[in-house]
Amino acid sequence: MESQEGLARDPKPTKERTVCCIGDLHGYVNKLQNLWSNLESLIDPPDFQSALIIFLGDYCDRGPNTRQVIDFLISLPSRYPKQTHVFLCGNHDLAFAAFVGVLPAPAAGTEFSDTWREYAASEEREGWYKGEGYEGMHLQARRWAGKIAVRFNSIKGTEYMGSIYDAAPTFESYGVPHGSADLVKAVPAEHKKFLADLERVCIETEEGIKHCKLLAVHAGLEKNGVEQQLKFLKARDTRVPKVEALSGRKSVWDIPQDLRKTPTIVVSGHHGKLHFEGLRLIIDQGGGLLNNPVAALVLPSKKIVRDTDDLAK
């Protein structure tokens with residue numbers, strides 16, 4: 001029979017699982033490799049080997065190494081079998097997937113071409129793709145592979161790289177010229193599967209600081225109707241021309257009202273900056289720009305790690 005003292009003893013607390021949220025990579029494999037090395041150096045080996053790693057999306061475009069970035073990501077489950085890897089879909093990745101034909105078909109009675117109508121006035125300015133197979137493409141595929149007429153991006157102060165998505169480097173990383181239908185054949189089957197399997201949203205309970213729920217999504221969530229937004233994202237509905245949770249800006253900046261009742265960390269990339277406001281965390285210091293670092297957030301410590309940090313052992 002156990003003693004009363006033994007019965008009253010509190011159970012030994014379990015250690016928090018390490019969670020790493022990695023910001024937009026945008027085709028920079030050297031930055032990814034350096035960031036990964038820094039995470040491995042900073043985090044205790046047992047914790048790193050069992051960590052939950054959430055990539056926040058936008059693996060392609062702008063940087064020169066999209067193909068190598070995807071190769072690196074595909075290799076992680078076999079190299080780190082005890083980790084859990086979640087690859088969220090960004091707006092750039094959705095457009096890439098749409099162009100190579102791996103998005104789910106829209107609901108019966110609709111066509112991908114139905115997604116063009118709302119934004120048709122922008123077709124000429126954005127130079128939508130009109131090459132082989134365009135008739136059956138989602139709007140974002142046509143915008144992604146197109147050739148934008150006005151080359152200067154006044155918002156960022158940079159030149160567009162081929163299209164409004166800066167997709168030319170992605171084409172070139174697969175050895176084909178920007179806007180070529182040959183990309184469909186050049187992208188390996190395992191890369192197409194990676195793009196097809198990207199998650200729209202990931203929820204982990206009881207992770208992070210203060211035993212909050214953690215919700216990760218590429219751009220964020222709109223102010224109201226969280227359950228419907230999550231249901232829509234999980235359904236991978238391709239009838240919508242622009243998904244705010246993947247592409248939105250001001251509309252998805254704040255924590256939705258529905259999530260303020262229960263402490264919930266909302267983490268995203270997409271916005272081209274590092275921004276913490278309460279439990280709303282934005283991890284995209286790189287923004288796809290050559291001279292900006294790629295950042296990761298480590299929970300529960302809230303430590304920010306960058307590819308440029310000197311953490312080598």
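A quick word on conventions. Residues are numbered from 1 along each chain as its sequence is written, and side-chain values use heavy atoms, with hydrogens and water left out. Because the model is predicted, local features need pLDDT of at least 70 and side-chain atom pairs count only at pLDDT 80 or more, while totals for chains, interfaces and linings use all residues.

Let's start with the pockets. A pocket here is an open set of points on a 1 Å grid over the protein atoms alone, where a 1.4 Å probe fits, with protein on both sides within 12 Å along at least five of seven lines; lining residues have an atom within 4 Å of a point. The largest pocket has a volume of about 960 Å³, taken as the space filled by probe spheres set on the points. It is lined by 35 residues, and R62, I155, K156, R249 and H270 are the closest to its centre. By type, the lining holds 8 nonpolar, 14 polar and 13 charged residues. Among the helices (DSSP runs of H or I, at least four residues, numbered from the N terminus), α7 gives the most to this lining, with 3 residues.

The second largest pocket holds about 250 Å³ of space. Its 11 lining residues include K213, V226, D258, L259 and T264, the closest to its centre. Here α11 gives the most, with 3 residues, and the lining splits into 5 nonpolar, 2 polar and 4 charged.

Now, the packing. A nonpolar core is a set of buried Ala, Val, Leu, Ile, Met, Phe, Trp, Tyr and Cys residues joined through side-chain atoms within 4.5 Å, where buried means under 20% relative accessible area and exposed over 50%, with a 1.4 Å probe and protein chains only. The largest core has 68 residues, and L39, F55, L73, F96, F99, W144 and L183 touch the most other members. Helix α5 gives the most to this core, with 6 residues. A second, separate core has 19 residues, including I265, V267, L299 and I304.

Last stop: which residues of α10 are buried? In this helix, residues 189-197, they are H191, F194 and L195. These residues lie on the same side of α10 because they cover an arc of only 95 degrees around the axis, judged by the directions from the helix axis to the C-beta atoms. On the other side of α10, A189 and K193 are exposed.

Terms used: Helix = DSSP H or I, 4+ residues; strand = E, 2+ residues; numbered from the N terminus. Nonpolar A, V, L, I, M, F, W, Y, C, P; charged D, E, K, R; others polar.
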